[in-house]
Structures are given as C-alpha cells and as structure tokens.
Amino acid sequence: MKKILLVDDDTENLALIAQMLQPHYQAIQASSGREGIQLAVREQPDAILLDVNMPEMDGFEVCKKLREQPATRSIPILMLTTVTGLDSRVKGLDIGADDYIGKPFQSRELLARINARLRRQEMDRQTDGAIQMGNLILDPKSFAVKVADREVHLTRIEFEILRYFMERPNQVIDRNKLLGDLWPDAVVTNRTVDTHVANLRKKIRGFNCPIDTIYGAGYILKNG
C-alpha cells in the first residue's frame, strides 16, 4: 500500500484527512514542519500533503527544504490551505509544490488529486533515462539539469517548463496550453509564466537550442 505523509499542526485535521485516505493509502502523520521533514527522509512516502499555515516552520519553508534534499526532492507535494489567493499559489508552485488544494475539500477531490500526481510520478519513473538536446541534459528521475557539464539549479516549476519544451521541440507552445497541461487547477497568469521562462533562460545560459518568444502565440524551443 502506498504511503502518504500528512503534515499539519492541527491534530483534528490530521485525523480527518487520515480517515479520508483509508482504505486507499497508509497515512503517516506529522504535527510540525520539522517532524514532517524527518519523517519524509526516513519513511520515503509516495506523496506529501502539506499544510501551509503552521507555527515555527510554515508549509512554504518545509516544501523548500524538502526540495533541497536529494532524498526528498522528487516526492510529490500537495499543499493544503485556506489561503487561495494568486500570490500564495504562485509562491507554492515556485518553491516546488506539485499542486494546491483549497480548504475545505471533499474526500473525492483529495483522492483524485493524489491519484493524478502519483500517476505522473509513475510516468516519470518509467522515462528511459535522461533527455538530451544540444549541450543540455535533463534527468527527470533526479531532477538534475546540466548545460555543457555545468550543473544548473532550477525551481520545480522551471524544471517542469523546460521538460515540457524539450518534449515538444520546434513546436509553438501556447501559454494557456502550457498552464493547462502542467497545472490545470492553478490560478497562474500569463505574466507569471513569462517571468518563469525569463528566469529559466538566464539559468540555462549557454544552452545551444534557444527558447524563443513568438509574440501573440507563445514559445518555441528550436532544435536543429
């Protein structure tokens, strides 16, 4: 049975969510951010449900620390919060969250979101090794990127955008389609996408396959 780590300082919420997951998943509970990080490293759960509003160490900081550690870098993280504003969602996605679920939620929605992320995770594991284009190598399993043997550190959202482009070389990618395919439930604007692409370009400077902007249409990664 797959394991889901629940991180929330509210013990009643922990018990309620654990009940929602039964009998589909084994629930592991942590009542603080620090305990959540420790359990994530030790238990290696298949996914993490992470509350945003916690004392001492909030969900954003926990997510950031989990993404910095090789042992937990690739575990899907779904953030749970009553704050559903644009800035909060963008911040969560930018530091590495895979999805955002607003409270309150129904068990069917929660299970559907978890199942979707686990399916994506399984597809990543089945990817036949790294993807290479020009002088850039992207490894979906380790979330590593190298340009001409130089290691590049990308945020989770930058990594997913780059992989999306590399899987569709020489195709014009519409911004709305990019958002819909990667984050169908996220409230993210085209302007935010432009910012992430601009940051991505700076970080992969030296990549010999340019990501060009097609004004009024989107982007294209030119290969060859």
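A nonpolar core is taken here as a set of buried Ala, Val, Leu, Ile, Met, Phe, Trp, Tyr and Cys residues joined through side-chain atoms within 4.5 Å. In this predicted model, the largest such core comprises 31 residues. Leu136, Leu162, Phe165 and Ile204 have the most contacts inside this core.

Several elements supply two or more residues each to the core: the strands β6 (131–133), β7 (136–139), β8 (144–147) and β12 (218–221), together with the helices α6, α7 and α8 (190–203). The greatest contribution comes from α6, which gives seven residues. Phe165, one of the residues with the most contacts inside the core, touches Ile173, Val197, Ile211, Tyr219 and Leu221 when residues up to four places away in sequence are not counted. A second, separate core consists of 21 residues, among them Ile28, Ile37, Ala40 and Ile77.

The axes of α6 (residues 156–166) and α7 (residues 175–182) come within 11 Å of one another and cross at roughly 115°. Because angles of 65 to 115 degrees count as roughly perpendicular, α6 is placed roughly perpendicular to α7. The crossing of α6 with α7 is right-handed. On the α6 side, the contact is formed by Glu160, Ile161 and Tyr164, which meet Lys177, Leu178, Asp181 and Leu182 of α7. Of the residues in this contact, four are nonpolar and three are charged, with no polar residues.

Technical notes:
Residues are numbered from 1 along each chain as its sequence is written. This is a predicted model: local features need pLDDT of at least 70, side-chain atom pairs count only at pLDDT 80 or more; totals for chains, interfaces and linings use all residues. Side-chain values use heavy atoms; hydrogens and water are left out. Axes are lines fitted to C-alpha atoms, for helices over the stretch in contact, and angles run from 0 to 180 degrees between N-to-C directions. Helices (H or I, at least four residues) and strands (E, at least two) are DSSP runs, numbered from the N terminus. Angles under 35 degrees count as roughly parallel, over 145 as roughly antiparallel, 65 to 115 as roughly perpendicular and the rest as oblique. A crossing is left-handed if the near helix is turned anticlockwise from the far one by less than a right angle, and right-handed if clockwise. Contact means heavy atoms within 4.5 Å. Ala, Val, Leu, Ile, Met, Phe, Trp, Tyr, Cys and Pro count as nonpolar, Asp, Glu, Lys and Arg as charged, and the others, Gly among them, as polar. Buried means under 20% relative accessible area, exposed over 50%, partly exposed in between (1.4 Å probe, protein chains only).
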